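This report looks at charged side chains and helix packing in one protein model. Please keep the sequence and the 3D view open while reading.

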Amino acid sequence: MGSQTPPLTKPKKRIHLNFFENACTGSHMSPGQWRDPLDQTHGKDRLPYWLNLAKLAEAGKISFIFFADSYSLFDIYNSSIAPILRAGAHTAALDPMVIIPAMASVTKSVGFGVTGSTSYLTPFILARTMTSLDHLTEGRVAWNVVTSWSKSAALALGQDDVVPHDERYAVAHEYMDLAYKFWEGSWADDAKVWDRERRVAYEPEKVKKIEHKGKYLKSSSPFQTHPSPQRTPVLFQAGTSKMGRAFGSKHAEAIYVGGLVPSQTAGSIAQIRADAAEQGRDPQSIKFFVGITPIVGATLEEAQAKYERARENADIVGGLAQFSGYTGIDLSRFPLDEVFELKDAPGDAATHTFLENFNKATGNNNPWTPRRLGETMALGGFHPAPVGTPEMVADVFEQWIDEADVDGFNIAYVTSPGSFEDVVYLLRPELVKRGLMWDDYDVPGGTLRENLYGFEGQKYLRDDHYGHKFRYGTDFEGDTMTEQVAEKTNGVESETKTNGRVVVVKNGEATVTETEVSVKTS
């Protein structure tokens, strides 16, 4: 008998770790932890905090420092900002975009993800800012695309209310089309020449004016800034609603997902990958990151001691203010130590669903009081929050990788830099030992996109990404322009000019021609 070939074992997926941050001066996801004598978040309004964090991230081969951001204070709980101010969380916030170049100046490989809203930042300003950051970091920037749901933010920025959910995503799709035009379609790769003999710095004929007049947005200008190392920043997104999944499967290269246990998240990840495949994308080209708040100790006793210290410092009311801010549900009417009596008041059904799902996910069937919810929110909240040794926490990470098909973790801190130091010096070595992380970046000194995909030379959007269609010279107008023309014609044949091209629509199908003709209907 011939020898049998041993069965092939599936190689382990190598994961990415992100530091999850917010440029608020004080706590981010864990209200009250600034009281810990070792916590340094009161120094977030000075550069040393951020420079030291960047150096720590680079030493730990962290993929991104990921900045959440918002434009308002939580003011739902008791209709007041006082609870969140007292808790020292999500307040006294700086603009994270201005911090990134300083962090980049002391590092070579770690990336920086930063949030920007399609609801309030104009496409030109956002595109120019992201291109500037990409230049100054030498290609290490990601944009976390958000559509902004907070009424407080709307009021702060001069609006009466938020745009309805589905319309926000419709705006965001057109916003992306215009941003791609600026990043990908306005400048040729070889527009920059610095030709001393001809006295030409930039070739005028290789810089194109963008003409966009859509349903929600318009612009008439060449892009002001020359192409950066990545052209388009790495595109990050969060949102697992139906509209959010559709947006992510089309545009995102990385997606931030929630869930307390893998079974809550696996279905959304599988669906988005399938949707991406239907659009011709490699489903594995979208990298999924789950939020997590680990408390790690060299021994179990040390980890438990850190957890108990965090419980002592937790701001219960601050945690409730955080829950109310996220959900829009004011819980201040409930006494702290009485079991919730959820009946028919606004928000009661949603609160009941959250608490019930939390118990199902964790197997903890203890009755819920506001105090328990506030403490939960102050120690991880909507994220899994494993407590244990590096081996125990690595087991939880592996479970998420195996059961939910995640590609990495957005790691929120309890205290900083302590929580992040524990990840770098305790947890990461265990992940490396298991073959789940690398000894070094795949492309040291490379762009964020190269290190995200692990492939030197992958600086730009992949060929199968929708944004690649906008590359200079293609004159692609974008799906939103095609849809707009189709809506106007309502199924009849028509022709209209946009961006110097002619879009011909017949029975809802659009094509672009070179020949200019007059508009006609029949």
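Lys433 and Glu430 sit 3 residues apart in helix 14, a separation of about one helical turn. The model is a predicted one. The two side chains form a salt bridge, with the closest N and O atoms 3.2 Å apart. Their surroundings can be compared by accessibility. Lys433 is exposed, with a relative accessible area of 63%. Glu430 is buried, at 7%. The pair also belongs to a network of salt bridges that links Asp395, Glu398, Glu430, Lys433 and Arg434.

**Salt bridges across the chain**

The count of salt bridges comes to 33. Three of them are listed here.

| Pair | Closest N and O atoms |
|---|---|
| Lys433 and Glu430 | 3.2 Å |
| Arg449 and Glu253 | 2.8 Å |
| Asp337 and Arg371 | 2.5 Å |

Arg449 forms its salt bridge with Glu253. Arg449 lies in helix 15 (residues 448-453), and Glu253 lies in the loop between helix 7 (242-251) and strand 10 (254-257), so the pair ties together parts that are 196 residues apart in sequence. Arg449 is buried, with a relative accessible area of 0%. Glu253 counts as buried too, at 1% relative accessibility.

Asp337 forms its salt bridge with Arg371. Asp337 is in the loop between helix 10 and helix 11, and Arg371 is in helix 12, so this pair ties together parts that are 34 residues apart in sequence. Asp337 counts as exposed, at 52% relative accessibility. Arg371 is partly exposed, with a relative accessible area of 34%.

Leaving aside neighbours within four places in sequence, the contacts of Arg281 include Gly248, Ser249, Lys250, His251, Ala252 and Glu253. Ala276, Ile286, Asp464 and His465 are also among them.

**Helix 12 and its cover**

Helix 12 (residues 370-378) is mostly covered, with 8 of its 9 residues buried. The buried residues are Pro370, Arg372, Leu373, Gly374, Glu375, Thr376, Met377 and Ala378. They pack against helix 9 (300-313), helix 10 (316-327) and helix 11 (348-362). Gly380 follows helix 12 and has a positive phi, near 125°.

Helix 9 has 14 residues. From its first C-alpha to its last it reaches 20 Å, close to the 20 Å expected at 1.5 Å a residue. Ala303, Lys306, Ala310 and Asn313 are buried in this helix. Seen down the axis of helix 9, its buried residues fall within an arc of 85°, so they line one face of the helix. The face turned away from that buried side carries the exposed residues Glu301 and Glu312. What covers the buried residues of helix 9 includes strand 12 (295-296), strand 13 (387-388) and helix 14 (418-433). Helix 14 is also where Lys433 and Glu430 are found.

Terms used:
Residues numbered from 1 in each chain as written. Predicted model: local features only at pLDDT ≥ 70, side-chain atom pairs only at ≥ 80, totals over all residues. Heavy atoms only, no water. Contact = heavy atoms within 4.5 Å. Buried < 20%, exposed > 50% of the residue type's maximum accessible area, 1.4 Å probe, protein only. Helix = DSSP H or I, 4+ residues; strand = E, 2+ residues; numbered from the N terminus. Expected span 1.5 Å × (residues − 1). Arc of directions from axis to C-beta. Salt bridge = Lys/Arg side-chain N within 4 Å of Asp/Glu carboxyl O.
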